[in-house]
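Visitor: I have a structure open and I am new to it. Can you walk me through it?
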Amino acid sequence: NNSDFSDYVADARKRIHELKKQEAENEFDAAFKEISRHIESADYEGALIIAQNYLKKAEDKRFVDRVKKKVVDIRAMIEKRDYEALESILLNDSADKKIRALKAYLEKHPKGKHLKDVRRAIDSLSGEYYVFIVNHLKDLENEKNWKECARLCNDYIDLYDNAHSDQLKLMLDGYKEHIRQDAVFDALVDKAKGFGTDYDAAIRMYEDYLTAYPDTVLKDRINAQVEKLKALRHQADMKK
């Protein structure tokens with residue numbers, strides 16, 4: 001009869017509810033054990049991934065709230081570990097590594113507990129970092145590595161607004177001009193290659209550039225290319 005059927009449906013629904021509840025508990029237990037295992041081995045990022053994956057599909061508020069709290073705890077563990085590593089770097093490493101580590105902390109922990117200390121450390125390093133950059137620029141200039149020179153200047157200027165950054169801005173203008181001239185020279189070389197074995201055409205192209213820009217800082221480099229082309233032309237003529 002209808003009463004028996006209603007009882008059957010109610011009982012089925014109850015059993016389904018209990019099964020879902022048990023399934024949710026089992027999923028939580030499995031996830032929480034895995035999270036704990038990763039935390040015990042100091043793999044906090046791994047623990048965080050498991051927790052976040054669990055939260056994407058979990059629905060039971062009891063378990064969701066517990067895992068959310070665990071996520072907060074894990075993030076605190078990660079920050080504590082990162083700050084302790086940062087403190088070691090600040091004691092033992094060079095100025096550029098210190099700055100990189102400080103910037104990495106800020107990027108990874110924009111709302112971290114130690115923001116004031118980190119910003120204070122960055123400010124205190126302005127002189128030491130400037131000395132490091134100036135010394136390193138000398139080697140890079142000898143190597144004519146203008147792009148790396150420019151990068152170093154920009155790294156300092158992005159962090160500081162002081163007399164040192166003003167000096168580096170002036171140097172940066174010179175490095176940018178070197179980069180531009182290198183690009184011009186590379187374009188000329190590529191154009192010369194496009195003439196293939198028509199060495200006369202390539203030589204004329206270079207000579208036309210020198211006529212148009214007689215005071216170019218590229219004069220010596222261009223003349224060296226012209227001499228190479230003349231030598232190639234001579235070799236080709238000798239084979240005829």
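Guide: One definition to begin with: a residue is buried under 20% relative accessible area, exposed over 50%, and partly exposed in between. Also, this is a predicted model.

Visitor: Okay. Where does Phe132 fall, then: buried, exposed or partly exposed?
Guide: Phe132 has a relative accessible area of 21%, so it counts as partly exposed.

Visitor: And Tyr129, buried or exposed?
Guide: Tyr129 is buried, because its relative accessibility is 4% and the cut-off for buried is under 20%.

Visitor: Where do Tyr129 and Phe132 sit in the chain?
Guide: Both are in helix 6, which covers residues 126-142. They are three residues apart, about one turn of the helix.

Visitor: Which other residues join Tyr129 and Phe132 in a cluster of ring pairs?
Guide: Tyr130, Tyr156 and Tyr160 are linked with them through ring pairs.

Visitor: How many aromatic pairs are there in the whole structure?
Guide: A search of the whole structure gives ten. One of them is Phe28 with Phe32, a tilted pair with 5.1 Å between the centres and 35 degrees between the planes. Tyr129 and Phe132 also pair, and theirs is stacked, at 6.4 Å centre to centre with 10 degrees between the planes.

Visitor: How far apart along helix 1 are Phe28 and Phe32?
Guide: About one helical turn, because they are four residues apart in helix 1, residues 2-40.

Visitor: Are those two buried or exposed?
Guide: Phe28 and Phe32 are both buried.

Visitor: Which residue lies over the face of Phe32?
Guide: Arg66 does, at 5.2 Å from the ring centre. Elsewhere, Arg221 lies over the face of Phe185, at 4.3 Å from the ring centre.

Visitor: Let's zoom out. How many helices and strands does the chain have?
Guide: The chain has ten helices and zero strands.

Visitor: What about the overall form: spread out or compact?
Guide: The chain is more spread out than a compact globule, because its radius of gyration is 33 Å, well over the 18 Å that the globule rule gives for 240 residues. Along the principal axes, the C-alpha atoms fill a box of roughly 110 × 55 × 30 Å.

Visitor: What share of the residues is buried?
Guide: Buried residues make up 33% of the 240 in the chain.

Visitor: Last one. What does the accessible surface come to?
Guide: About 16,300 Å² for the chain, with 52% of that belonging to carbon and sulfur atoms.

Notes. Residues numbered from 1 in each chain as written. Predicted model: local features only at pLDDT ≥ 70, side-chain atom pairs only at ≥ 80, totals over all residues. Heavy atoms only, no water. Phe/Tyr/Trp six-rings, centres within 6.5 Å; stacked < 30°, edge-to-face > 60°. Helix = DSSP H or I, 4+ residues; strand = E, 2+ residues; numbered from the N terminus. Buried < 20%, exposed > 50% of the residue type's maximum accessible area, 1.4 Å probe, protein only. Lys NZ or Arg CZ within 6 Å of the ring centre and 35° of its normal. Rg over C-alpha atoms; globule rule 2.2 N^0.38 Å. Areas by Shrake-Rupley, 256 points an atom, 1.4 Å probe, with all protein chains shown as cover.
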